[in-house]
Amino acid sequence: MTTMEFTRQIFPFHGGVHPPEMKDLSNRAPIVKMPIPNKLVIPLQQSIGNSAQPVVNVGDVVLKGQLLAASNGTVSAAVHAPTSGKVIAIDAQQVAHPSGLAELCITLETDGRDEWIAKEKFDWQAAMARGDAKAVRDYLQEMGVVGQGGAVFPSHLKLFGREALETLVINGAECEPYITCDDRLMRERALEIVAGISIVRQMLNAKQVLIGIEDNKPEAVAALREVLKTCGFAAEVVVVPTLYPSGGAKQLIKLLTNIEVPSGVRSTELGVQCFNVATVYSIYAALEQAEPVISRIVTLTGNVERPGNVEALIGTPIDDLLKFAGVKTASDYIYGGPMMGFTLPSTKVGLTKAGNCVIAMDAAHFPEKPREMPCIRCGECAVACPAELQPMDLYWFARAKNFGKAQEWNLFDCIECGACAYVCPSSIQLVDYYRFAKSEIWDAERAKKSADTARERHEFKQFREEREKEEKAARLAAKSAPKPAAAVADAAPVDADDKAAKIRAAMARAAAAKGETPAEIAAPALDPEKAAKIKAAMEKRAAEKAELDALSPEEKAQRDLDKKAKIEAAMAAAAAKKAAKAAGEEAEVAAPAEPVVEKPAIDDEKAAKIRAAMAAAAAKKAAKAAGEAAPVAPVETPAEPVVEKPAMDEEKAAKIRAAMAAAAAKKAAKEAGEAAPVAPVETPVEPAGEKPAIDEEKAAKIRAAMAAAAAKKAAKQAAEGKE
Ligand code: SF4
Ligand code: SF4
């Protein structure tokens, strides 16, 4: 361990362990640029949050730095083409994840030309000068900048601050054994890192900047201190003792500021924000060089011929990296450090933005893990835990699938540093149990969220249907509601003038449809006599209606009975009249003056009966004339041929008597002046304009009486003709 001068008080955190550093395997050689591989497999899940959405199609030829997949939501970051080439696949492929599950990837066949897309530098300083920090954050999201310390948290989300930040912490601790990429980056690109720190400091308006570096990286400390001398702002490199996990954000904040970030609290709420050195480097590259995150420094170490750090394109297959480093013998490979990393499910997977190290395991340094033994409750894990948890209890809760209890015991404060497992004498792979418990809880949360979403959708659907029903009911009610008084007045036929006006309007519409002029149709409606008649009729109906409405139910019933009796009497009168008329018609049929063929066809039998009746009447008259008592009124004798008298029988005589009785009843009804309906009688049609205005009812009665008299006369004439 290198002895370093501590220039500032540090505040040790709880726990921590001292695993073998193994950094000198890879920290001696400078960063080498990795040759462009033939193929890149670029996962679209390159940050926590949503996967980026592809904006290219299979077959597209793309340039270096071109957008391949856009950020999808606030917690997401874009993905770009690491070099020029052709998109040959967009499909699910296995990715660098302990689960070994497949995720959507874009496979790019490289063309070796490494041709950049036209770079357009974003004037972030102008944006900041006009107070538009959001534009800078959006730009960084579009450039795919995420935290490269392992958490891959989208950086634009950490650059949001309403108030001046008290302390900006830059994480250069790099506490994991074997990993040296940050160390080499700080040594070789201190200027760019400081430029990135300057940007972040400006965006967060940080009052002080502290750069934490473990004391096993004296070259990095020196390089940064040298650059900071001329950077133009105050920043301090703070050397911290080498103790795993001093590179954890909470642990480094504690070391540098003595601020302990409690469970469930973000450090920004306490005035502190932390960025990894590789992340501020990417921020610099994006804002000053217009370069998205398309590559990163990765440590290739362990059982390889040429351990060191390479700058590799995102998506480079791990196989290519290992070949470049010179794999000695086939083995398993750790992605990340030996404490927090995981064994790769396959070396075909592509390098991600979080991929800081690939370790080829060998038996000497990574002996086979001893078999797990029962927990002996020694408490060593609790002593080592930097998060001050009770790892053995979390282990039991996770093992028993008592996830609620595990959450109660702050499972999610565990940073999976592996310090507890490192010290466990029973060789219990404690972190595996915690990861299992966390994934189960996340799955349950996702399922619950999904169910909540489905329930909310269902409830909204019900609400919408209810609302539509109510709206429909309201519409129907509005339609059936009484119209306003004015509208009713317009619609009601209150007098003849209104009626006439409506008739005129209707006639005008009809005339317009026929092409007539308004003048042509206006004249008839202006007839005052007709209008007066209409008005009188309407008034009469209104009076009748009012009279009817005023009657009691009993009076109405009596009225109905009276009306019925009148109707029956009228019907009897009509029947009698009809019989009389038929008799008259028969008489006309018998007259030789008219051609028979032109008469209406009548029933022969009926005609014979009528003739017989007429003959009987004639005989009766003759008998009367011969001395009998019955006086007979004189009648005119028509010039008709005399026919032979048929012998009269009783049946015929009865019929004749019935006809006469009916005629008498009709006469009685007439004399009573009742408005009985009469059978239709043909009357001469006179021109309407020449007729005086008389009561229609009276005229009808007169016409009925005249028709009855004519019939009677005809019958009489017929009878006399038979004599
Ligand atoms: S260190 Fe291991 S054996 Fe000891 S208490 Fe923790 S889990 Fe149990
Ligand atoms: S892995 Fe979790 S429980 Fe174990 S020491 Fe680290 S923080 Fe503590």
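Contact here means heavy atoms within 4.5 Å. The structure is a predicted model, in which local features need pLDDT of at least 70 and side-chain atom pairs count only at pLDDT 80 or more, while totals for chains, interfaces and linings use all residues. Residues are numbered from 1 along each chain as its sequence is written, and side-chain values use heavy atoms, with hydrogens and water left out.

View 1. Gln-46 lies in the loop between β2 (39-43) and β3 (53-54); strands (E, at least two residues) and helices (H or I, at least four) are DSSP runs, numbered from the N terminus. Its relative accessibility is 5%, so Gln-46 counts as buried, that is, under 20% relative accessible area with a 1.4 Å probe, protein chains only. The side chain of Gln-46 reaches the backbone oxygen of Pro-43 at 3.0 Å. Beyond its neighbours within four places in sequence, Gln-46 is in contact with residues including Val-79, Val-146, Ile-314 and Lys-353.

**View 2. The buried face of helix α5.** In α5 (residues 218-228), the buried residues are Ala-220, Val-221, Ala-223, Leu-224, Val-227 and Leu-228. Seen down the helix axis, they fall within an arc of 165 degrees, so they line one face of α5; the arc is that of the directions from the axis to the C-beta atoms. These buried residues pack against α3 (181-188), α4 (190-204), β10 (208-214) and β11 (236-240).

**View 3. Strand β13 and its partners.** Eight of the eight residues of β13 (residues 295-302) are buried. Strands pair if DSSP finds at least two bridges between them. β13 pairs with β14 (residues 308-313) in the antiparallel sense over six bridges, and Val-298 stands opposite Val-310 in β14. With β17 (residues 357-360), β13 pairs in the parallel sense over four bridges.

Terms used. Chains are lettered from A and ligands numbered from 1 in the order in which they are written. Buried means under 20% relative accessible area, exposed over 50%, partly exposed in between (1.4 Å probe, protein chains only). A polar contact is a pair of N or O atoms within 3.5 Å; within protein, one must be able to donate a hydrogen and the other to accept it, and residues adjacent in sequence count only if both atoms are side-chain atoms.
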